[in-house]
Amino acid sequence: MGLATVDIARFLETVHPYDSLPREEMDAVASRFGFRRLTSGETLYAKGEPLPGLFLIMEGQVDVRDSAGELISQLSPRNSLGERGLLRDGRAVTTATARTDGVVLILPAGEFHRLMQEQPVFSRFFTRGRISDTRRADMTLSRVGDLMSKPPVTCGPHDTVYEAAQIMRDRLVSSLGVVEGERLVGLLTVRDLTIRLIAENLDPKTTPVSAVMTRDPTGLPQTALGSDVLQVMLEQKVGYLPIVDGSRLVGMVTQTDLTRFQAVSSALLVRDVASAETVEDMKANTARIPQLLVQLVGGNNAHEVVTRLITDIADTITRRLLVLAEKTLGPPPVPYLWLACGSQGRQEQTGVSDQDNCIVIDDRVTPDDMPYFSALARFVSTHLNDCGYIFCPGDMMATNPQWCQPASTWRRYFHSWIERPDPMAQMLASVMFDLRPIGGEFSLFQDLQAETLERASRNSIFVAHMIANSLKHAPPLGLLRGFATIRSGEHRNQIDMKHNGVVPVVDLGRVYALQGRLTPVNTRARLLAAEEAGIISGAGARDLLAAYDLIAEMRLRNQAQQIKAGRRPDNFLGPYEFGDFERSHLRDAFVVVRTMQSALSHSRAPS
């Protein structure tokens, strides 16, 4: 049985970067896709074989293995594979095997290369996004500052070994930097305690650290590379290396840090989550996300790549929880669709994420069926919270009965918000315009999304209200080329890089999508689509994209620095902690955003 082009097109609307292609282009691309049905264990392609094109998983799961047979990735629906070979010599560089029965779409190689040349969003995604997702991080080329997992734990040379051992126990470390003032004078490791204390039968309560420590250890600056760390460790046969700024200890790299860095990748996390059998297993994997963020930022990946890869993990966790929920509760009485909104819906999650989600249920549902979906929502949301995706403070979750409803009720919601755009309706519509299907019956949302965009874009009063609502978050610009920082409290003299930095651009992108009836949900994809559709000028789009990129990347860099300092990441940044050059560029970016807000406020809504 074949696949209709319309079915392929509907599926592509949920897949990036196809969702960012112009409507006519996407329809044409959909007509050129072939497909192949797979049975579990079947080889899709083997290493060295010519590739017929780019594979896109529509149903099922596919394992990707390297030449040694090691599993390097487990891919699910909406994941692509084969692009690395197509970008090289047209031959597969890995082997792909069906883990389950499924369906893969095949974009012919010629069509793939045409899109790479003609569609910037397509080439940017496949040269900067997927490749970094499926390869291991190159530790040898990473800077030492990105390998350090936490601030150094220290003791003084005159402390007793007993006191130092207690610090090791309490802080769960196996080495201490020994400092005098700020100067590094030695290193104390578990090996030192064994060889120089226990073997010599010294009293730990009276022996000073200075008597057993390794004096004047070799240190490296933060600008050194991972290859330098490996060289020193191998040559000196040590497992701990101090990182110094002059004589001041600023960090520590251990063999454990190197192992952790090499082991963490988004592909591996997705693989581990997809096969997790318990919530505890999932929690163990999400605990590795902060280190992944540090690696991705340290590798100079673009912000849209970092947030996409982190969001992929949340998507996989959600889908896995849906599977576990159905195992616990039994099969659903009617089809349903779980959707994410907020940053997960836009594929823009960072190191700070709560959950925003809802359920659309087939209209054949009966009142007797509803307790099943309430239980499903509780199961998934509760365990998302367990995994670090905290409950939404505004209760925008499927556990709220208002957001777990049949498709016909959702249609009434959208119609009422559009016809009566009071402040609450504007807020709800803003959230729900960022909906993205995650798991279930995708067709329940496709017609609803298209119908809502068309109805909303034709209502000039609603569009005007949405424009006004989008201008409520202002960039933090002060007088005399300064910043409007927070004046008091915990974050005094800082700026909120989420609500006053990223959100104003997110709001602009949402309005542009509404005006142009554009289907992308990701903010950057919306800006590109708005330029393509003529909603904003080419010059305005380029300036806004550059401003957004700078703001989003500084936000991520700041979060990575917080993680490396052993703190929980947040969205607050001290602009005056940066040099004049970076501070000036950040302010210029905020000026661009304010200029685009001003232009939008003076524009006429489409009739």
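Guide: What follows goes through sheets, a hairpin, helix contacts and a cavity. This is a predicted model, where local features need pLDDT of at least 70, side-chain atom pairs count only at pLDDT 80 or more, and totals for chains, interfaces and linings use all residues. Residues are numbered from 1 along each chain as its sequence is written, and side-chain values use heavy atoms, with hydrogens and water left out.

Visitor: Sheets to start. Which strands form the open sheet with antiparallel pairing, and in what order?

Guide: The order is β1-β8-β3-β6, 4 strands in an open sheet. Strands (E, at least two residues) and helices (H or I, at least four) are DSSP runs, numbered from the N terminus. Two strands pair if DSSP finds at least two bridges between them.

Visitor: Which strands are at the edges?

Guide: β1 (34-38) and β6 (80-81) are the edge strands, each pairing on one side only. β6 is joined to β3 (residues 53-59) by 2 bridges, and the two run antiparallel. Leu 56 stands opposite Ser 80 in β6.

Visitor: Which helix lies across β3 and β8?

Guide: That is α4 (residues 109-118), running at about 65° to β8 (102-108). Angles run from 0 to 180 degrees between N-to-C directions, and axes are lines fitted to C-alpha atoms, for helices over the stretch in contact. Contact means heavy atoms within 4.5 Å.

Visitor: OK, next sheet. What is the pairing in β17-β16-β15-β18?

Guide: The pairing is mixed in this open sheet of 4 strands. Its edge strands, β17 (404-406) and β18, each pair on one side only. On average, neighbouring strands here are turned by 30° against each other, direction ignored.

Visitor: Do β16 and β17 run in the parallel or antiparallel sense?

Guide: Parallel, over 3 bridges, with β16 covering residues 357-361. The bridge partner of Ile 361 is Pro 406 in β17.

Visitor: Which helices lie across β16 and β17?

Guide: α17 (residues 370-386) lies across β15 (336-340), β16 and β17, at about 155° to β16. α18 (residues 407-419) lies across β16 and β17, running at about 100° to β17.

Visitor: What about the hairpin? How many residues are between β13 and β14?

Guide: There are 2 residues between those strands, and Gly 246 takes a positive phi near 70° in the hairpin. 6 bridges join β13 (residues 240-245) to β14 (residues 248-254), and the strands run antiparallel. Leu 241 stands opposite Val 253 in β14.

Visitor: Helices now. At what angle do α15 and α24 cross?

Guide: At roughly 55°, and the axes of α15 (residues 303-329) and α24 (residues 538-564) come within 9 Å. The cut-offs: under 35 degrees is roughly parallel, over 145 roughly antiparallel, 65 to 115 roughly perpendicular, and the rest oblique.

Visitor: And how does α23 pack on α24?

Guide: α23 (residues 523-532) and α24 pack at about 170°, with axes 9 Å apart. That makes α23 roughly antiparallel to α24. Residues that meet there include Leu 527 and Leu 528 in α23 and Leu 544 and Leu 545 in α24. The contact divides into 6 nonpolar, 2 polar and 4 charged residues. Nonpolar means Ala, Val, Leu, Ile, Met, Phe, Trp, Tyr, Cys and Pro; charged means Asp, Glu, Lys and Arg; the others, Gly among them, are polar.

Visitor: Where do α13 and α15 touch?

Guide: The axes of α13 (residues 279-286) and α15 come within 12 Å and cross at roughly 175°. The two helices are therefore roughly antiparallel to each other. Val 279, Met 282 and Thr 286 of α13 contact Ile 317, Arg 320, Leu 321 and Leu 324 of α15. By class, that contact has 5 nonpolar, 1 polar and 1 charged.

Visitor: Last topic. How many cavities are there of 30 Å³ or more?

Guide: A search of the whole structure finds 6. A cavity is a set of points, on a 1 Å grid over the protein atoms alone, where a 1.4 Å probe fits but cannot get out; lining residues have an atom within 4 Å of a point. Points are joined across faces, edges and corners, and volume is the space filled by probe spheres set on them.

Visitor: What is the volume of the second largest cavity?

Guide: About 180 Å³. The second largest cavity is lined by 15 residues, and Arg 436 and Pro 437 are among those nearest its centre. α20 gives the largest share of that lining, 3 residues. The lining has 4 nonpolar, 8 polar and 3 charged residues.

Note on methods
On a 1 Å grid over the protein atoms alone, a cavity is a set of points where a 1.4 Å probe fits but cannot get out, and a pocket is an open set with protein on both sides within 12 Å along at least five of seven lines; lining residues have an atom within 4 Å of a point.
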